[in-house]
Amino acid sequence: MADIFEKHYLLAPLSPAERERLTRHQHRRRYSAGSMVFTKNQKTTDFFIVLSGTVRLYFSAPDGKEKTVKLFSRGQSFGEALMFMRHDTYPANAIATEDTELLVISNREFRDILLKNVELCLAIMGTMAEYVQILSSQIEMLSVFDARTRLLHYLRDHMQGERRNGTLYPLDINKKDLAEYLAIRPETLSRLLKQLEHEAVLVWDQRGVTVHDWAKLKDA
């Protein structure tokens, strides 16, 4: 878990003493696949960092349909923005899509640390501003680009590791959730993946995505 503290934008700026203090007000919590982390309008007291597994944040429409907002995997956090807002309830639902372990951190304790350290506040404001820019780019991708381009952007951004032909890249998302996230129909996603397979660019199966031609993927 040490790497989480070193890399996460909220935790990395903390001093050793502040980290030690925070460890007394955090705990690990495990969720089996399909378990709710929280529901919309539930009172918020903590924020979460994913240690393993995947969490899906989503809205439920009156007709029962669900709209995926974002998927969170190892090292990513959710719920922290509510610390800086006047809302005291979660605005959406969060569910574990697979067996998941979360680090649960007290909002009250983290806010108290911030109130006593102006430099820490400024550091976090800077990293949060960078995060907002990333989100703005994602919004632009979803609103401006066509379905094929959105899919390719997502795959290029989420395939970690050395980019070599023939490499398998595991993805923490299924086709249904990916289609929702990209705001396209599931049948459109299936058609695009078949096109990319026919073009010998990549193959998607239950293990993940195998890229056969990175040059084509970059130019596709």
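**Figure 1. Thr210 in strand β11 of the predicted model.** Strand β11 covers residues 208-211, and Thr210 is one of them. The relative accessible area of Thr210 is 10%. Thr210 counts as buried because this value is under 20%. Leaving aside residues up to four places away in sequence, Thr210 touches Gly166, Thr167 and Leu168, and also Val201, Leu202 and Val203.

**Figure 2. The two domains of the chain.** The domain assignment places residues 1-117 in domain 1 and residues 145-211 in domain 2. Between the C-alpha centres of domain 1 and domain 2 the distance is 27 Å. Domain 1 brings 11 residues to the contact, and domain 2 brings 6 residues.

**Figure 3. The area buried between domain 1 and domain 2.** The accessible area lost when parts come together is often used to give the size of an interface. Here domain 1 and domain 2 bury about 650 Å² between them. Carbon and sulfur atoms account for 45% of that area. On the side of domain 1, 52% of the area buried against domain 2 is supplied by Lys67, Thr68 and Leu71.

**Figure 4. Salt bridges and polar contacts between the domains.** The count of salt bridges between domain 1 and domain 2 is 2. Asp177 forms a salt bridge with Arg56. In this pair the closest N and O atoms are 3.8 Å apart, and the pair qualifies because the limit for a salt bridge is 4 Å. Strand β5, residues 66-72, gives the most to the side of domain 1 that touches domain 2, with 6 residues. By type, the residues on this side of domain 1 are 2 nonpolar, 4 polar and 5 charged.

**Figure 5. Glu119 in helix α4.** Helix α4 runs over residues 118-144 and contains Glu119. Is Glu119 buried or exposed? Glu119 has a relative accessibility of 67%, and it counts as exposed because this is over 50%. Glu119 and Pro13 are 106 residues apart along the chain. Their C-alpha atoms are separated by 9.1 Å.

Conventions
Residues are numbered from 1 along each chain as its sequence is written. This is a predicted model: local features need pLDDT of at least 70, side-chain atom pairs count only at pLDDT 80 or more; totals for chains, interfaces and linings use all residues. Side-chain values use heavy atoms; hydrogens and water are left out. Domain bounds come from an automatic or database domain assignment. Contact means heavy atoms within 4.5 Å. Buried area is the accessible area (1.4 Å probe) that two parts lose on being put together, summed over both. A salt bridge is a side-chain nitrogen of Lys or Arg within 4 Å of a carboxyl oxygen of Asp or Glu. A polar contact is a pair of N or O atoms within 3.5 Å; within protein, one must be able to donate a hydrogen and the other to accept it, and residues adjacent in sequence count only if both atoms are side-chain atoms. Helices (H or I, at least four residues) and strands (E, at least two) are DSSP runs, numbered from the N terminus. Ala, Val, Leu, Ile, Met, Phe, Trp, Tyr, Cys and Pro count as nonpolar, Asp, Glu, Lys and Arg as charged, and the others, Gly among them, as polar. Buried means under 20% relative accessible area, exposed over 50%, partly exposed in between (1.4 Å probe, protein chains only).
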